[in-house]
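This briefing is for a reader who is meeting the structure for the first time. Please keep the sequence and the model at hand while reading the points below.

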2 protein chains.
Amino acid sequence: MSSQEFEQVTESTSGPARPNPYGPNPSDYLSNVQNFELIDSTLREGEQFANAFYSTETKIEIAKALDAFGVDYIELTSPVASEQSRKDCEAICKLGLKAKILTHIRCHMDDARVAVETGVDGVDVVIGTSKFLRKFSHGKDMNYIAKNAIEVIEFVKSKGIEIRFSSEDSFRSDLVDLLNIYKTVDKIGVNRVGIADTVGCANPRQVYELVRTLKSVVSCDIECHFHNDTGCAIANAYTALEGGAKLIDVSVLGIGERNGITPLGGLMARMIVAAPEYVKSKYKLHKIRDIENLVAEAVEVNIPFNNPITGFCAFTHKAGIHAKAILANPSTYEILDPHDFGMKRYIHFANRLTGWNAIKSRVDQLNLNLSDDQVKEVTTKIKKLGDIRPLNIDDVDSIIKDFHAEVATPRLAGGKDVSSQDVNDIDINEPATKKVKTESAN
Amino acid sequence: MSSQEFEQVTESTSGPARPNPYGPNPSDYLSNVQNFELIDSTLREGEQFANAFYSTETKIEIAKALDAFGVDYIELTSPVASEQSRKDCEAICKLGLKAKILTHIRCHMDDARVAVETGVDGVDVVIGTSKFLRKFSHGKDMNYIAKNAIEVIEFVKSKGIEIRFSSEDSFRSDLVDLLNIYKTVDKIGVNRVGIADTVGCANPRQVYELVRTLKSVVSCDIECHFHNDTGCAIANAYTALEGGAKLIDVSVLGIGERNGITPLGGLMARMIVAAPEYVKSKYKLHKIRDIENLVAEAVEVNIPFNNPITGFCAFTHKAGIHAKAILANPSTYEILDPHDFGMKRYIHFANRLTGWNAIKSRVDQLNLNLSDDQVKEVTTKIKKLGDIRPLNIDDVDSIIKDFHAEVATPRLAGGKDVSSQDVNDIDINEPATKKVKTESAN
């Protein structure tokens, strides 16, 4: 087949028909992608993270930071977990935060009686509904679960406090059992029902189907909780919102049992693409980095190198063709604008994959004057050294300056100046966060 | 509403109708969830990771490790990127690995002529098709792209080498443009077409729709490449397979441009849930930890604390009700079996969220004899100290031993022995991988 036989392709140079192709799918008429709420569980699920031990002061500091960020709810460890857990819960309720304070209890009157006295705005009730949990955890059948749930819900409601009923391990529960119990608790007036992927087994299309089905059964809001064992916690949360869920459980850095749940920062990365105005107007995205650092320090972990938004290389561009395009227009290789999060982008040009456009940008930054052909020539020299060993910026600058001195192009007064927009906007030096071990790579 | 009014719920005690509810959805008749292949790009996409500088020896070591794991393809940096890149490509082709060796080039005859001389089994061709990339990267229209693609594809095919044609930034490309070019290259006999979420903007249901649509247009295999900027790279890969894609691009730890692509280990966690027999028979899952350590060392990063499978707490259970159920049956709170990956599970019992079942298990391990009521009593003491400060195992053991000495229950000869299955199977000591900073938490 010769190229002549190729049919003329449609050139679409006009703008897209929909203003934001990553926004809610019009076929999802129940979508809450542009109208979701966050329940942060760093102080409940996050306390179940292997490394977590929070002092009262740390809990208060985290709660205040989450409130300043703008989460809608803050969920706390059950007041019956320990004496100090109860006191801390009461202390946080007294802070007068804008976020509503929740605590998370077993579906049992003993727990409920303590919870309603703490001053919380709402109680999250949970019980295992899968065969596994019914057999090996609490040993109760669905009738017993329903009876208990009704008693607890009516008691909490009688105190004028919000109530959520969630199944546990929802995706391994019998669908008919689930819909039955949700329908029952919806009828008696729970504020929310919860779906929980307690073991992290769910995949996005399963989530969408279950949420859509549940949406047709209950009139209350749907909350979702996703563990990340199989790496789908962010995608599952997003897809749940598409299906009509309203609230997502998150924790800072996703900390929780095992490898945790949907992370606050990662979900913000996902949601800002789909609903930029809503997300930017509601949440203080510039605070993500500080909150992550606060919690990382409290539970003694490092920010993962590949963390969305705040990973040290999240906005670092390296390959030559990427660097070239980013210099022309950052949207070419970025769906997230680092400035929305108080971050900066970087062009990593000191390596053998570099291209002449990135080097030209560096030449401009150094206020040197080289023709395009000369830049291409010096780029070849840089790539040659980059083949032999890791480069740092000083290496590259030395090669450029040596080359410039050699060719001795006279600098024209008023000649092409540094492209100041590029230089201010794009830092072609080092990433914001230092990499873990930096010495030998530089 | 009283509990009497509650309708009897269906008790489903029989097994599920489908043997594996997390397996392929029967409605996805084109699904390749049980029949997928892996293209590992640690040595191509991974070289575009900010920290990556691979020596020839490191490249060879990584290639051999990937081959031993069982990846189907290994993709290498373009031989035109630098002189050493070309030599390394040739060296890896000569290793005689079982995995097919690919190199990744621009859609240009200059690159293709060099690539076919390296000894590779296949060439992956890519060109930007979104308006952004057409305008700011290569400046070509779709007709030019098609003409070039045909020339390159026919040339590579004439050498008897596999050829893949991929668009770049597929999810921001015009759908009609995309289908047109894919249909054209399919007609002239490419082995695979590729969809690439180059900027990490796609969400799972978009992916499913695009793959399904493309599947109806081409007869060749579909390969997918997902960046992780918005945290959906694993879920998108899984959903692409559901839609009929056959091959997924991965890299070890997901390293690549910015925060990278679908990680090999994370995708294995996802796939073993859906297709356990296929995954376990095809890939050497025990090798994941060593490969990740090898690459982490090569690019000087730490394994993220929350990494699927190999994160230090991926199989650590902490909250009392979790520990209780895990001790009874690990499937209650685990969808992944740590033994499949050469890992172990841990019960974290030295904290204030602990429960008496976990402490009872420790009492048994210590070969002490306490009644259930006594275990509950000592659990209260442990939780009390856990309210004051972080605990370690020695703290808990001391409390248990003191308590035991106090109650001075005579140890019955032949009395209840350690539950050896629990003890061998479940390590209630410390996680396998040390946490990043360990001193102050212990």
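B:Ile309 is buried in this predicted model, with a relative accessible area of 2%; buried means under 20% relative accessible area, exposed over 50% and partly exposed in between, with a 1.4 Å probe and protein chains only. Because the model is predicted, local features need pLDDT of at least 70 and side-chain atom pairs count only at pLDDT 80 or more, while totals for chains, interfaces and linings use all residues. Residues are numbered from 1 along each chain as its sequence is written, chains are lettered from A and ligands numbered from 1 in the order in which they are written, and side-chain values use heavy atoms, leaving out hydrogens and water.

**Positive phi angles**

- B:Ile309 is not a glycine, yet its phi is positive, at about 70 degrees.
- B:Ile309 belongs to the loop between helix H11 (288-298) and strand E9 (316-317) of chain B; helices (H or I, at least four residues) and strands (E, at least two) are DSSP runs, numbered from the N terminus.
- B:Asp169 also has a positive phi, near 55 degrees, and is a residue other than glycine.
- The loop between strand E5 (162-168) and helix H6 (175-187) of chain B holds B:Asp169, which is buried with a relative accessible area of 0%.

**Aromatic rings and charges**

- Over all chains, a search of the whole structure gives eleven aromatic pairs; rings of Phe, Tyr and Trp (its six-membered ring) pair if their centres lie within 6.5 Å, and planes under 30 degrees apart count as stacked, over 60 as edge-to-face and the rest as tilted.
- A:Phe171 and A:Phe226 make a tilted pair, 6.5 Å centre to centre with 40 degrees between the planes.
- A:Phe171 lies in the loop between strand E5 (162-168) and helix H6 (175-187) of chain A and A:Phe226 in strand E7 (residues 221-226) of chain A, so this pair ties together parts 55 residues apart in sequence.
- Both A:Phe171 and A:Phe226 are buried.
- A cluster joined by ring pairs contains A:Phe36, A:Phe69, A:Tyr278 and A:Tyr283.
- The charged end of A:Lys376 sits over the ring of A:Trp356, 4.7 Å from its centre; this requires NZ of Lys or CZ of Arg within 6 Å of the ring centre and within 35 degrees of the ring normal.
- In chain B, the charged end of B:Arg192 sits over the ring of B:Tyr73, 4.9 Å from its centre.

**Helix H15**

- In chain A, helix H15 (residues 393-407) includes A:Asp395, which is buried with a relative accessible area of 15%.
- The side chains of A:Asp395 and A:Arg389 make a polar contact (2.9 Å); a polar contact is a pair of N or O atoms within 3.5 Å, where within protein one must be able to donate a hydrogen and the other to accept it, and residues adjacent in sequence count only if both atoms are side-chain atoms.
- The buried residues of H15(B) include B:Ile393, B:Val396 and B:Phe403.
- Those buried residues pack against helix H13 (356-365) and helix H14 (372-388) of chain B.

**Cysteines**

- The count is zero disulfides over all chains, a disulfide being a pair of cysteine sulfur atoms within 2.5 Å.
- For B:Cys107, the closest cysteine sulfur is in B:Cys220 at 15 Å, too far for a bond.
- B:Cys313 is buried at 0% relative accessibility, and its sulfur is 18 Å from the closest cysteine sulfur, in A:Cys232, too far for a bond.

Conventions: Contact = heavy atoms within 4.5 Å.
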